[in-house]
Every structure is written in C-alpha cells, then in structure tokens.
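Please look over the sequence and the model before reading on.

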Amino acid sequence: QLQASGGGLVHNGGSLKLACVVSGSHANIRAMAWHRQAPGKPRHQVAEISVDGTTDYKESVKGRFTIVRDNAKNTMYLQMNSVKPEDTGVYYCAATIDTWLYWGQGTQVTVSS
C-alpha cells in the first residue's frame with residue numbers, strides 16, 4: 001500500500017527528494033516516517049511526521065533533511081539536502097494506518113564521495 005520513489009545516485013553535498021504514496025482510501029493515516037538501512041547495519045528511523053505536521057529527526061540529519069506530508073494526497077516527502085556518504089542506504093517509508101504499521105518497498109540512495 002506504500003510506494004516509495006525518488007532514490008538514486010547523488011554526489012556528496014547534493015540534493016535528492018524522496019516520495020511515498022499511500023495507495024487506496026485511508027481516512028486514518030497517523031504518523032508517517034522514513035527509515036534508513038545501510039549495508040550491514042540495522043534499519044533505523046531518520047525522520048517522522050505526525051498527522052498535525054509535528055516532526056522529529058535523527059540528530060545526524062537535522063538541518064539537512066525535511067519531512068513533509070500532503071494529507072490530501074496521502075503522500076509524504078523527504079527533502080534531502082547537503083547529503084553525505086553516510087546517508088547512503090535503502091530508505092523505507094512507513095505509515096501507521098488505524099492501528100497497523102505498514103512499510104513501503106524501499107528506495108536506494110547512494111551518495112558518492
């Protein structure tokens with residue numbers, strides 16, 4: 001039900017914008033979040049946004065990444081600026097719909113040094 005897109009190869013210091021669309025009709029999409037999994041490392045949350053727009057970021061991306069959502073379009077975005085090689089990984093979007101947590105399929109982001 002979640003489709004992530006926008007990943008790719010970007011140079012160190014560049015920008016990239018990810019998108020996550022929740023398909024279907026959902027009246028109760030609660031918190032949405034982006035998670036990252038680097039090679040050989042566990043998945044961890046990078047940014048989260050509540051239904052009222054309150055955001056929370058992993059310390060390492062504060063000031064560089066911005067998470068927003070368009071509730072009318074059931075879509076969430078992650079604007080990634082000043083990217084670094086350590087931002088490399090598969091980015092997964094997640095959404096809590098009613099009481100269930102759903103995951104997207106992931107999109108690869110590779111930052112070249």
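What is the accessible surface of the protein chain, and what percentage of it belongs to carbon and sulfur atoms? The accessible surface is about 5900 Å², and 51% of this belongs to carbon and sulfur atoms; such areas come from the Shrake-Rupley method with a 1.4 Å probe.

## Basis of the model

This is a predicted model, in which local features need pLDDT of at least 70 and side-chain atom pairs count only at pLDDT 80 or more, while totals for chains, interfaces and linings use all residues. Residues are numbered from 1 along each chain as its sequence is written, and side-chain values use heavy atoms, with hydrogens and water left out.

## Overall fold

The protein chain contains zero helices and 11 strands (DSSP runs, H or I of at least four residues for helices and E of at least two for strands, numbered from the N terminus). Its radius of gyration, taken over C-alpha atoms, is 13 Å, close to the 13 Å that the globule rule (2.2 Å times the number of residues to the power 0.38) gives for 113 residues, so the chain is as compact as a globular protein of that length.

Of the 113 residues, 40% are buried (under 20% relative accessible area, 1.4 Å probe, protein chains only).

## The disulfide

The whole structure holds one disulfide, a pair of cysteine sulfur atoms within 2.5 Å. Cys20 is joined to Cys93, with an S to S distance of 2.2 Å. This pair links distant parts of the chain, since Cys20 lies in strand 3 (residues 16-22) and Cys93 in strand 9 (residues 89-97), 73 residues apart. Both Cys20 and Cys93 are buried. The torsion about their S-S bond is about 65 degrees, so the disulfide is right-handed.

Notes:
Buried means under 20% relative accessible area, exposed over 50%, partly exposed in between (1.4 Å probe, protein chains only).
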